[in-house]
Amino acid sequence: MIPETGELDWKDFSRQLNEQTKLVAIGAASNALGTINDVKRAGEMAHSLGAEIFVDAVHFAPHGLIDVRDWNCDFLACSAYKFYGPHIGILYGRNDLIGSLDFPKLIPAPDTAPERAETGTQNHEGIAGAAAAVDFLASLASGSTRRERLANAFDHCAGKVTH
């Protein structure tokens, strides 16, 4: 980190990566400083060495549109309470990676991803609450799809956030 700005020091970040790096974990945004990291750039650097990237988007989620495809992240986590939802965690993982991980699994749980990562009854009320929070945010702007309405809401209500 660059102490004067709170931004990621890309030269130092680059020096930390090597052929032995297996996973890069990065925060998309800082709650304390408000800085936003270039997740896509970090992912490109990690992937160029064969490493995977895990993005902590908990502080980014209420301020900017998350795009796991554009960021090309392997895993991403956030919490719905940061954007007016219930206190539940949200984990995105590339389907092939979730399918390859050795989760402790209950016998009746499916063997296919992503359900194989569930170790019990799903939190249906939390899932419904998180969906309602996303719908609420999308209702703050117009657009032809929910994603377009979300993008417009972030652009107009919170100021455009990039990366």
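**A walk from the pocket to the loops**

The largest pocket has a volume of about 1,300 Å³, where a pocket is an open set of points on a 1 Å grid over the protein atoms alone, taking a 1.4 Å probe, with protein on both sides within 12 Å along at least five of seven lines. The volume is the space filled by probe spheres set on the points, which are joined across faces, edges and corners. Keep in mind that this is a predicted model, in which local features need pLDDT of at least 70 and side-chain atom pairs pLDDT 80 or more, while totals for chains, interfaces and linings use all residues. Residues are numbered from 1 along each chain as its sequence is written, and side-chain values use heavy atoms, without hydrogens or water.

The lining of the largest pocket holds 34 residues, each with an atom within 4 Å of a point. Leu-76, Cys-78, Ile-90, Leu-91 and Tyr-92 lie nearest its centre. Helix α5 gives the most to this lining, six residues; helices (H or I, at least four residues) and strands (E, at least two) are DSSP runs numbered from the N terminus. By kind, the lining has 21 nonpolar, seven polar and six charged residues.

Next, the loops. Asn-72, in the loop between α3 and β3, has a positive phi of about 55 degrees without being a glycine. In the loop between β3 and β4 you will find Tyr-84, whose phi is also positive, near 75 degrees.

How values were computed. Ala, Val, Leu, Ile, Met, Phe, Trp, Tyr, Cys and Pro count as nonpolar, Asp, Glu, Lys and Arg as charged, and the others, Gly among them, as polar.
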